[in-house]
Amino acid sequence: MSGPAVSEARETSGATTGLLLSHVRRQGGDDAVTEVLRRAGVPFTAAELELPSHWTSYDTRIKLFTAATEVLGDPQTMFRVGREALGLGLTPALVLLVRAMGSPRQVYRQLPRAVAKFSTTSTMRVLEAGATHATLTYRLHDGYRHSRLDCEYAQGLIGMVPTVFGLPPAELVHTECESDGHPVCVYHLTWERRRRLSGRRRGDDDVPELLALREQLRILQSAAADLVASEDVETVLRRIIEKAAEAVLAPGWVLAVSDPAGGPALVHGAGLPQHQVDALAATLLAGADPGPNVVAVDVASARRVHGRLATVYRPGDGGLRHERQMLAAYAGYAAAALDLLMALESSRQEADRAGTLLTLAHELAGATDAVDVCTVVAEALPRVVGCDSAAVLLWDPAEGCLRTAAHVDPVEEHQRLLYGTPLHAEDVPELVGMLTDREPRFLRPESSSPVLQQLLTALQLTDVVAVPVLAGRTFLGVATASWPAGRAPAVLAGDVLHRLRGVGDQAATALQRARLLETVRHQAAHDALTGLPNRVLFLDRLGEALATTPAERHVGVLFCDLDRFKSVNDSLGHAAGDELLRQVAARLRAAIRPGDMVGRLSGDEFAVLLPVLARPEDADRVVARVLGCFDEPFRLEGTDVTVGTSVGVAVHGGGGSGSADALLRASDADMYQHKGASRDGHGPARS
């Protein structure tokens, strides 16, 4: 099986056409959008053109660009559309990936790969990319007629890259254009260095990565509900690709899964000729390497590998870093949806339980952390399985034990008991067996090990079914369904086990998603090199400290700037400079008090938050420890290197007043005032 025939070439992503129509709607309303579509004469609705998974031809793209410029009466329309692209105009996952690259320079270096996610008709090259400048070329492939509107759109977009990092837009000089007969368009860009201090503290709604995270979470929340709402395999296969394409832009897709009825493989493709779809599907199902221009992930639950999902790029192109993780998250949803579909098809008579499972999928889609996921699962299990009590326990690999994350029991004392009883592997042979074979266990007090026997007796349970919660072969925890005496079904190894396993599979998928989102949140708030909180998180925590510290206490900030850091970079290289920053971060962490926080603001600038000071003078003792971090030389490239630091101090009284930005600026100013001078006798600035 395959999807509908492609009506025209897939050369332009719906992310581009959707961005254009969104701009037109804001400027002229729905009537303007209608007029643009009429003038362009394209065979698509606005809803179709705004789907990221809907690709159109280059010709359609230019017709829409031209019509929009005419309807709005603004010759700068396409430049303005490009300028808007790095807001939430693009798919939120891509905004997060751009931000994760760390600097405009790194983004410009990756632009040639990123361009392939929006268009297959042009190639971008990087001639040079420095800390504050870059030169790029953009060439339309042979057989296409260059449009100056397309060039203006590209200029607007690439000039806004620095804004993702809180900088002003790049200055762009366009010296050569294909429309003027040159072989390529050439763009020279310059931008400012990252600022030490932001102009103001941005609220959560102003931080691009937080906006993108919220939008990405909305997409993730809708994916499970949309997939499991389908009642036939063909619809599910089509929706899997549609939903995945909202997260990972690509010109071509192939989904290949095995037929649960034992027939030929079920294949769905988009953006590729049928012969290429069939050939790639065979390669994917055989487990072979699909090639460097294909990113493929397993569509697999804890119980079954259904097949594989792949994004296909032009030869020489490929996905961006971290996109495989997001694609895998969608493949997990796909596997859960296929599992659920198979269960529904084999047991239509249990419509009430199927409805409960759908409700569970909706609720899991709204759970944003591991505890929420476990609570939703534990609360749903009595309805899905028909048990009297249920629990979800998460595996702590560091301690080698299971800890209860959620427990549903009508007796409150039972809940307190289970929450307060970790199950250590060395004490529970049943747990060791599950870790070894990843198989469920049927537990009764009389046949259990002493620790479990005592626990089950105290909980007044006579029958327990425990299934492992697995991500592939990774053990995440255990889900249990339990009954007191005389309440358990006669057979637990049939439908009860099947339903419990199904919920466990959904729990595993939701836990993976929650951990992925937590990873992205952490990356957005921490420095990739040292792992320290970045400027945004540091200012946020400083603001919290100022707002919550009692009036009789004080909040302090130390601003640290390394001495001779540039000479280390120049003499030993940037790798040594990075290692120096990591060692400095480690020493600062070891020097501060419990409850204090170290952050890396930018470059060789660090800051220390002292959230609770009894007296302003107490900051001096921390300053002394910080300065002591630099008494011993640093070992870099086999050489002892002596590096010092200049430290500025600012202290503010508690009571809920004060600005985080102002206090950080005060410590920065104090550091510059005393840079290069002895710290002896220097006390903190007070406000």
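What is the order of the strands in the open sheet of four strands? I looked it up and found E6-E5-E8-E7, with antiparallel pairing. I counted two strands as paired if DSSP finds at least two bridges between them. Helices (H or I, at least four residues) and strands (E, at least two) are DSSP runs, numbered from the N terminus.

A note on my source: this is a predicted model, where local features need pLDDT of at least 70, side-chain atom pairs count only at pLDDT 80 or more, and totals for chains, interfaces and linings use all residues. Residues are numbered from 1 along each chain as its sequence is written, and side-chain values use heavy atoms, without hydrogens and water.

Next I checked strand E5 (residues 252–257), which five bridges join to E6. Ala256 has Val267 in E6 as its bridge partner.

Then I found helix H10 (residues 274–285) lying across E5, E6, E7 and strand E8 (305–312). H10 runs at about 50° to E5 (axes are lines fitted to C-alpha atoms, for helices over the stretch in contact; angles run from 0 to 180 degrees between N-to-C directions). Contact means heavy atoms within 4.5 Å.

**The cores**

A nonpolar core is a set of buried Ala, Val, Leu, Ile, Met, Phe, Trp, Tyr and Cys residues joined through side-chain atoms within 4.5 Å; buried means under 20% relative accessible area (1.4 Å probe, protein chains only). The largest core has 51 residues, and Tyr187 is among those touching the most other members. Helix H1 (residues 14–40) gives this core its largest share, nine residues. I also noted a second, separate core of 35 residues, including Cys374 and Val469.

Key. Buried means under 20% relative accessible area, exposed over 50%, partly exposed in between (1.4 Å probe, protein chains only).
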